[in-house]
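Open the model in your viewer and keep the sequence panel beside it. Here is a short tour, one selection at a time.

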Amino acid sequence: MCGIVGLIDAVAGTVPPPLLWAMRDVMFNRGPDGEGEYLEGSVGMAMRRLSIIDPAGGWQPFFSRGGEVVAFQNGEIYNYRELKRQLEAKGHRFSTESDTEVLAHGYTEWGAEELLKRIDGMFAIAILDRGRKELHLARDRFGEKPLFYACAESRFGYSSNLLALAALPWVSDQVDPESLNRYVALHYVPGEATILKSVRRVLPGERLVVPLDDPKPRRFRYYTPSLRDERNISDGEMFELLDEAVGSRLVADVPVGVFLSGGLDSSLIASVAARKKPNIATFSMGFSSSAHDESPYAKLVAKAVGSRHHHFQFDEKTFRSLLPKVVHALDEPIGDQALLPLYWLCQEARRHVTVALSGEGADEIFAGYGYYRRFLAGNGWRGRLKARLGLLQSAAPRIDSLTDNAEPISPSGFPLLTDRAGRHSLMNMAGASPDEWERGLFAWLNDSADTLRRATATDLATWLPDDLLVKFDRMSMAHSLEGRAPYLHPKLVEAGLRLGQAQKIKGEDSKVVLRRIARRWLPQEILERPKKGFVLPMAEWLSQWFAAQPSVHDYFLMRPVPGLDAARVANLVEHDLSVGVQRERLLLALVLLIEWYQSFKSRQYQLTKEYREAAGAGSVR
């Protein structure tokens with residue numbers, strides 16, 4: 001686990017080492033154990049390391065083909081031992097037990113595309129091919145690890161951290177109005193775009209090729225899950241896939257634990273993990289309000305599986321002091337209330353373990369959210385046939401836009417924070433037009449005639465990588481804790497996606513197949529529980545937050561975000577507070593956006609000064 005960063009400067013023909021070091025050290029929390037670098041001519045590459053696999057020998061970069069191939073990564077390759085055996089059989093020689101060394105030799109043997117297809121892992125990869133004079137970048141299939149990039153004026157930069165790029169003098173920090181529009185609808189920015197117009201994301205399942213002489217990236221997809229085929233597998237097969245997924249995510253040379261909420265998803269992971277690692281540590285977060293506290297269920301599961309359980313109490317009085325810390329840990333805005341307890345949980349868990357498994361992905365793969373139920377029309381073979389013939393009368397209208405729909409929901413049924421008119425009022429903007437990424441999203445979704453699969457796939461491509469996994473990655477990395485998501489094992493995802501509707505939702509039960517395989521391992525109370533996420537007394541906290549401000553209007557007018565109409569936002573919030581906070585999701589998203597932007601601009605200003613000094617020191621050298 002690391003943070004990676006790099007620059008290509010075809011204008012100057014060199015990268016000042018102090019500038020590269022300054023960019024690298026923006027990500028200190030991602031890798032407090034040490035650093036690595038490679039500099040040659042117009043190329044500079046670096047990393048910060050959190051030692052997980054082969055702590056003594058896993059220092060990057062790694063080389064192959066006589067030093068022509070230079071490999072860095074942020075993340076873990078779970079099947080690296082199997083790949084290593086295949087490469088050794090072909091004559092490759094290894095000097096360490098590191099998973100990153102497999103990437104260097106694997107690229108030499110198979111090339112970028114074939115290597116990526118063989119990997120099971122969470123990763124952001126940077127491989128320099130000195131012979132071909134090109135840089136290869138890639139991100140894992142489902143977006144567990146971040147990778148940003150920017151290019152302008154024959155310069156190219158990439159990083160695990162958006163701020164590290166935004167502070168470069170040739171990168172504009174202009175807010176993207178279409179991204180802001182999506183944020184005010186969704187409380188996160190989905191897809192290739194970021195909140196900044198000049199910084200982009202490498203998409204999940206995507207790779208880039210960047211020529212060194214003319215560093216303009218070419219983009220390729222190496223992975224797109226199929227939505228066409230349906231196949232119901234046996235419960236035994238599904239359990240074997242889950243068992244394999246959890247087992248692979250337990251591989252580490254440091255202590256590993258499990259985040260245990262007491263819900264079905266994390267309880268299944270804890271059960272499987274505890275059989276493979278008896279007395280494994282589990283961690284749960286409790287709340288003083290019984291309406292919001294799930295910890296008794298977590299303790300019940302921990303006792304049943306025999307884990308070494310750690311329970312923490314979230315101090316709800318610290319909302320105001322904790323929120324700035326959470327904002328500082330984010331390099332892009334997210335308006336998700338679960339950020340706060342997750343930050344606290346990661347902080348406490350890091351005192352005991354370096355790696356934590358969590359249940360992200362299960363709801364999107366196995367249809368765990370209640371809003372999916374509107375898409376159950378078309379169950380069975382008759383419904384699928386009618387859908388293919390265009391005869392199906394769905395219970396819900398077809399949705400062909402991510403945010404600009406007649407009803408304020410996304411194509412998954414996810415309830416938006418605002419409708420089109422509401423966003424226009426707050427931003428003086430009629431609405432975002434579909435970009436290349438959104439058009440590609442709908443081309444993929446339209447491959448499926450199954451309305452439920454289409455809905456869950458929407459969240460798999462948006463809500464999961466651009467909210468849930470960002471939240472998990474940033475809050476864990478703030479404390480140098482590696483988070484892993486077993487449900488995102490590719491074989492498990494593909495099996496879950498292909499299941500028929502009745503294997504996902506039946507009657508009042510969601511995630512039907514997971515509930516069946518859990519019967520053998522978990523207490524009945526867990527199986528009978530309805531789905532419940534982090535739900536906090538946010539209305540009360542927001543009222544307290546604004547009560548502590550001298551004036552609601554001053555709060556927004558003194559903290560402007562380009563693109564938002566501060567006066568109209570203040571009027572909306574004042575009205576909502578006066579009637580008892582009816583739109584807490586929107587209010588929290590606005591507060592987190594404003595606090596993030598102020599923190600980001602302050603850090604960017606300081607970092608730009610550091611970069612200027614570092615570039616000057618490099619030119620003197």
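**Before you start.** This is a predicted model, where local features need pLDDT of at least 70, side-chain atom pairs count only at pLDDT 80 or more, and totals for chains, interfaces and linings use all residues. Residues are numbered from 1 along each chain as its sequence is written, and side-chain values use heavy atoms, with hydrogens and water left out.

**Stop 1: colour by confidence.** pLDDT is the predictor's confidence in each residue, from 0 to 100. The chain average is 92, and 93% of the residues score at least 70. Now select residues 390-394. Their pLDDT is below 50, and beyond near neighbours in sequence the stretch has nine contacts in the model (heavy atoms within 4.5 Å).

**Stop 2: helix H5.** Select residues 177-186. Helices (H or I, at least four residues) and strands (E, at least two) are DSSP runs, numbered from the N terminus. Buried means under 20% relative accessible area, exposed over 50%, and partly exposed in between (1.4 Å probe, protein chains only). Eight of the ten H5 residues are buried, so the helix is largely enclosed by the rest of the structure. Among them are Arg182 and Tyr183. Next, show aspartate 176, which caps the N-terminal end of H5. One of its side-chain oxygens lies 3.1 Å from the backbone nitrogen of glutamate 178. After H5 comes histidine 187, with a positive phi near 70°.

**Stop 3: salt bridges.** The whole structure has 45 of them. Each is a side-chain nitrogen of Lys or Arg within 4 Å of a carboxyl oxygen of Asp or Glu.

- Select aspartate 9 and arginine 155: their closest N and O atoms are 3.2 Å apart. Aspartate 9 is in strand S1 and arginine 155 in strand S9, so the pair ties together parts 146 residues apart in sequence. Both residues are buried.
- Select arginine 24 and glutamate 37: the closest N and O atoms are 3.7 Å apart. This pair joins helix H1 to strand S2. Arginine 24 is buried at 8% relative accessible area, while glutamate 37 is partly exposed at 33%.
- Select glutamate 206 and arginine 219: here the closest N and O atoms are 2.9 Å apart. The pair links strands S11 and S12. Glutamate 206 is buried at 3%; arginine 219 is partly exposed at 30%.

**Last stop: a network.** Which residues are linked in a network of salt bridges? Select Arg30, Lys145, Arg201, Asp331, Glu332, Asp473 and Arg474.

Definitions and conventions. A polar contact is a pair of N or O atoms within 3.5 Å; within protein, one must be able to donate a hydrogen and the other to accept it, and residues adjacent in sequence count only if both atoms are side-chain atoms.
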